[in-house]
Amino acid sequence: MADADPNAATRCGFVAVIGAPNAGKSTLTNRLVGAKVSIVTAKAQTTRHRVSGVAACGQSQLVYVDTPGIFAPRRRLDRAMVAAAWTGAADADIRLLLIDARKGLDDEAAHILAALAGARAHRVLALNKIDLVRREAMLALSREANAACAFEATFMISAATGDGVADLARHLARAVPAGPWLYPEDQLSDMNDRLFAAEITREKLFERLHQELPYALTVETDDWQSFDDGSVRIEQTVFVERDSQKGIVLGRQGARIKSVREQAAAELEAMLERRVHLFVFVKVRQKWGDDPERFSPWGLDFNA
């Protein structure tokens, strides 16, 4: 992104990145920010809470709000996640709808379009995965989506490769309102270190677990100690719902959780630029998804 001219007027605004699960919202947010601020896995519904990433584009500071995927909720946590997504959209200056072009206007995308069509807000459409879909199909999808909900602009992008993302960012930079920047120039996210560290470990677990188990666990950072030599000691707990799930997370002789811990520690060391001593414990907490205390650190509404 281009550096700001100190003599020119500044702009600043919030852009809510919304869409169905697995549309590529977190990948796009990280691409727009230019750094990893949101975890990414191949599994749907990885993002559980709103994550704000901050980026400069010319004279504009853009606060990208990566929201949970919008889908038909089944559990209390699902309802809270979907409510957080719509709240993030309602609070933003621009609603950026990301659609997976390979899926087209499926039921989830059609539901979001219908909801957006009835709301008064600035709307921008991004059709993702242009590298995997023929141009003719992308154009047809653009016409169909704009017929359902008129957008101020439509972009065809690849969040994975970056194709078209710079043009999208420049448009958003021009569209946000005039005003002072809200964050220091070097700040990339509003997420605190303890929560981000827990998210990194949860990402590694999601990558190694299958079926429903990833959705039956959560990770919390219990302790964070910094030492004079610059290193940090982090203690985390992985909560699961049943004893059988605990055994799967641990793996044979603890091999799986050891691998998760090592990879999470390596990534945290690279990001924090300091030595990380990471300790991860696994405990059973039945129905943790119905515990109000689990929702508070994520900024989710337990009663949504």
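Predicted model: local features only at pLDDT ≥ 70, side-chain atom pairs only at ≥ 80, totals over all residues.
Q: How many disulfides does the count come to?
A: The cut-off for a pair of cysteine sulfur atoms is 2.5 Å. Under this rule the count of disulfides is zero.

Q: Is Cys57 buried or exposed?
A: The limit for a buried residue is under 20% relative accessible area. Cys57 has 10% relative accessibility, so Cys57 counts as buried.

Q: Is Cys149 buried or exposed?
A: The limit of under 20% relative accessible area applies here too. Cys149 has a relative accessibility of 2% and therefore counts as buried.

Q: Which strands are the edge strands of the open sheet?
A: Six strands make up this open sheet, with mixed pairing, in the order β2-β3-β1-β4-β5-β6. An edge strand pairs on one side only, which holds for β2 (51-57) and β6 (153-156). On average, neighbouring strands in the sheet are turned by 25° against each other, direction ignored. The edge strands are β2 and β6.

Q: How many bridges join β2 to β3?
A: β3 covers residues 60-66 and runs antiparallel to β2. Within this pairing, Ala56 stands opposite Gln61 in β3. The number of bridges joining β2 to β3 is seven.

Q: Which element supplies the largest share of the lining of the largest cavity?
A: The largest cavity has a volume of about 80 Å³, and 13 residues line it. Ala20, Ala23, Ile99, Asp100 and Ala109 lie nearest its centre. At least two lining residues come from each of β4 (94-100) and α3 (107-117). The largest share is four residues, and the element supplying it is β4.

Q: How many charged residues are in the lining of the largest cavity?
A: By class, this lining has eight nonpolar and two polar residues. The number of charged residues is three.

Q: What volume does the second largest cavity have?
A: The count of cavities of 30 Å³ or more comes to two. The lining of the second largest cavity includes Val37, Ile39, His49 and Phe196. By class, its lining residues are five nonpolar, three polar and one charged. The volume of the second largest cavity is about 30 Å³.

How values were computed: Residues numbered from 1 in each chain as written. Heavy atoms only, no water. 1 Å grid on protein atoms, 1.4 Å probe; cavity = no way out; pocket = protein on both sides within 12 Å on 5 of 7 lines; lining within 4 Å. Points joined across faces, edges and corners; volume = space filled by probe spheres on them. Nonpolar A, V, L, I, M, F, W, Y, C, P; charged D, E, K, R; others polar. Buried < 20%, exposed > 50% of the residue type's maximum accessible area, 1.4 Å probe, protein only. Pairing = 2+ DSSP bridges. Axes fitted to C-alpha atoms, helices over the stretch in contact; angles between N-to-C directions.
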